[in-house]
Amino acid sequence: MKQPLDLTVMMYHYVRDPGDSAEAGSGITGMSVRDFESQLDQLSQKHTFISWADLRAALQGEKSLPASPCLLTFDDGVRDHYLNVFRILRRRNLSGLFFVLNRIDTGGLVLAHKIHFLLAKLGLNQLREELWEQLNDAQRQRFTAAEKGYQFKYPSTSEDAHINLLKAVVQRDLSNEVDPLLGILFEVHIGSEMETARNYYLNLEQMHEMSEGGMHFGGHSSSHPWFDWIDAEARAAEIRASAELLQKIESGPWAFAFPYGGLAEDAPQILKAHGFVAAFTTKTHVQHMDPFLIGRLDGEEIVQNGYGYA
Ligand SMILES: [Zn+2]
């Protein structure tokens, strides 16, 4: 980019109310439908909403964006986006960009979502204890060492900090070993993981309906790994899986969102080779110098803490 791109990009995950069909008794909380709608009202007062098609055209030099543009993005392809978000956006004549996981052949829940279910069901201490029981001695040693490293990095004692600490260890250092172990805990405490996943992620039919209703889709990998924690070959496989899914939904070029916002230096090259022209992070800037490093603001965090930007 020759000039920085001024663009506010909002990022959302769960949009649900307790007991609605997206939450489905899981106990996993999200941004309430009411908070989401009132945030859209607030954003509309100072921004003009744009679609992925508008941004793509601007990135390719085909057209310019309106003043104070805002793009709405939604991560992880969860059912909330069909059940709650789609109807709200359609009623307001807005378009969203939905970063979906390719779970079509894989089935099951990604690690991050298994943790959400188990944390909601067991709480932090019981989950940590039961997971510990499942680890062998070598894994326990690595667990403890990793935990110490992150404690040093994030030295806070709040409940949230403890949850983030467990997530860091489990989603990075021990992700390969812990994933099947959490699968076992899931079956014990919650039920069939496959059945849950089938009702948890958007299916192709829903994505097609959303696409016909003016929504756009982007890639978010297949297994939701930290990109700096896997090798180049695995990154290419994750990106290829996204391209294969998107080909079934809408024509490219597409956008990508890095799982957990994790970055790897070679990712833009791999993305370009697979038909992607932009990538979104979890960095919170609203001026972007690089189309493969577009920052976003977390809508739910803003509800809790207010707007941290001018
Ligand atoms: Zn994600």
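Which residues of α4 are buried? In this predicted model, the buried residues of α4 are Leu111, Ala112, His113, Lys114, Ile115, Phe117, Leu118, Leu119, Leu122, Leu124, Leu127 and Leu131. These buried residues pack against four helices: α5 (137-153), α6 (159-173), α7 (175-189) and α8 (193-200).

Helix α10 spans residues 232-247 and has 16 residues. From its first C-alpha to its last, α10 reaches 22 Å, close to the 22 Å expected at 1.5 Å a residue. Its buried residues are Arg235, Ala236, Glu238, Ile239, Ala241, Ser242, Ala243, Leu245 and Leu246. An α-helix has 3.6 residues a turn, so residues three or four places apart point the same way. The buried residues of α10 pack against both strands and helices. The strands are β5, β6 (216-219), β7 (254-257) and β8 (276-280). The helices are α9 (204-212) and α11 (267-273).

Strand β4 comes next. It covers residues 69-75, and seven of its seven residues are buried, so the strand is largely enclosed by the rest of the structure. In a regular strand the side chains alternate between the two faces of the sheet. In β4, Pro69, Leu71, Thr73 and Asp75 point one way. Cys70, Leu72 and Phe74 point the other way. Both sets are buried.

Strand β2 (residues 8-12) pairs with β4 in the parallel sense over five bridges. Here Met11 has Thr73 of β4 as its bridge partner. Strand β3 (residues 48-50) also pairs with β4 in the parallel sense, over three bridges. In that pair, Ile50 stands opposite Leu71 of β4. The chain passes from β3 through helix α2 (residues 52-59) to β4, and this β-α-β crossover is right-handed. Strand β5 (residues 96-100) runs parallel to β4 and is joined to it by four bridges. The chain then crosses from β4 through helix α3 (residues 80-91) to β5, in a β-α-β crossover that is right-handed.

The model also holds a zinc ion. Its protein donors are Asp76 (OD), His220 (NE2) and His224 (NE2), which lie 2.1 to 2.2 Å from the ion. Their spacing in sequence is D-x143-H-x3-H. Both His220 and His224 are buried.

Most residues other than glycine have a negative phi, and most peptide bonds are trans. Ser221 is not a glycine, yet its phi is positive, at about 80 degrees. This residue sits in the loop between β6 and α10. Ser221 counts as buried because its relative accessibility is 0%. Tyr260 also has a positive phi, near 55 degrees. Its place is the loop between β7 and α11. With a relative accessible area of 21%, Tyr260 is partly exposed. A cis peptide bond joins Gly252 and Pro253, with omega about -5 degrees. Pro253 belongs to the loop between α10 and β7.

Technical notes. Residues are numbered from 1 along each chain as its sequence is written. This is a predicted model: local features need pLDDT of at least 70, side-chain atom pairs count only at pLDDT 80 or more; totals for chains, interfaces and linings use all residues. Side-chain values use heavy atoms; hydrogens and water are left out. Donors are N, O and S atoms within 2.8 Å of the metal (3.2 Å for Na, K and Ca); water is not among the atoms, so sites may look incomplete. Buried means under 20% relative accessible area, exposed over 50%, partly exposed in between (1.4 Å probe, protein chains only). Helices (H or I, at least four residues) and strands (E, at least two) are DSSP runs, numbered from the N terminus. Contact means heavy atoms within 4.5 Å. Two strands pair if DSSP finds at least two bridges between them. A crossover is right-handed if, with the strands pointing away from the viewer, the path from the first strand over the helix to the second runs clockwise. The expected span of a helix is 1.5 Å times one less than its number of residues.
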